[in-house]
Amino acid sequence: MIGSLRRRARLGQVMPFAVTWDGEVVGMLTVNGITWGSARWASMGYWVSRTHAGRGVTPTAVALVCDHLLQTVGLHRIEISIRPENAASLRVVEKLGFTEVGVAKSYLHIAGHWRDHRVFQILAEDVPEGLVARLDPAPGPA
């Protein structure tokens, strides 16, 4: 997986990020499907270990990477697709103020079945001050 991500990153197709807490890797955030031209958008996926869930790690990582993509890289739109039953991920996009676009039926093949996903987006003009500015101050390591 790491080799594939590195190859695709060199081609400009993905941007993988390690999510860390107090120097320990506790998750991953991957920017996929980077599209240029008149679209200038990408999709984002992420996970964090159960031991670090609920500490603000994921919203902070998503906000930091979105700010990088929208303000530095020059993308216009970031999309996050979430399974409807994934309450923790739904809280992330809610905290950050992503707009729900709709439901993508049979979006991904997971565990032997085609799964629906709720689709959310953030546009550069939605957050001229950046997404990090929307976060409550994050607690420090336990």
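Student: Which residues of α3 are buried?
Tutor: This is a predicted model, in which local features need pLDDT of at least 70 and side-chain atom pairs count only at pLDDT 80 or more, while totals for chains, interfaces and linings use all residues. Residues are numbered from 1 along each chain as its sequence is written, and side-chain values use heavy atoms, with hydrogens and water left out. Helices are DSSP runs of H or I with at least four residues, strands are runs of E with at least two, and both are numbered from the N terminus. Taking buried as under 20% relative accessible area, exposed as over 50% and partly exposed as in between (1.4 Å probe, protein chains only), the buried residues of α3 are S89, L90, V92, V93 and L96.

Student: Within what arc do these buried residues fall, seen down the axis of α3?
Tutor: The arc is taken from the directions that lead from the helix axis to the C-beta atoms. The buried residues of α3 line one face of the helix, because they fall within an arc of 150°.

Student: Which exposed residues does the other face of α3 carry?
Tutor: The buried side of α3 is covered by elements that include β3, α2, β4 and β6, where contact means heavy atoms within 4.5 Å. On the face turned away from that buried side are the exposed residues E94 and K95.

Student: How far apart are the end C-alpha atoms of α2?
Tutor: The expected span of a helix is 1.5 Å times one less than its number of residues. Helix α2 has 17 residues, 57–73, and should therefore span 24 Å; this agrees with the separation of its end C-alpha atoms, which is 22 Å.

Student: At what angle does α2 run to β3?
Tutor: The buried residues of α2, including V62, V65 and L69, pack against elements among which are β1, β3 and α3. Angles run from 0 to 180 degrees between N-to-C directions, with axes as lines fitted to C-alpha atoms, for helices over the stretch in contact. The helix α2 lies across β1, β2, β3, β4 and β6, and its angle to β3 is about 160°.

Student: Which strands stand at the edges of the sheet?
Tutor: Two strands pair if DSSP finds at least two bridges between them. The open sheet has 6 strands in the order β1-β2-β3-β4-β6-β5, with mixed pairing. Each edge strand has a single partner, so one side of it is left without a neighbour in the sheet, and these edge strands are β1 and β5.

Student: By how much are neighbouring strands of this sheet turned against each other on average?
Tutor: Direction is ignored in this value.

Student: Which residue takes a positive phi in the hairpin of β2 and β3?
Tutor: The strands β2 and β3 pair in the antiparallel sense over 7 bridges, and T35 stands opposite W41 in β3. Their hairpin has 5 residues between the strands, and the residue with a positive phi, near 70°, is G37.

Student: Is G56 buried, partly exposed or exposed?
Tutor: G56 is found in the loop between β3 and α2. Its relative accessibility is 21%, and therefore G56 counts as partly exposed.
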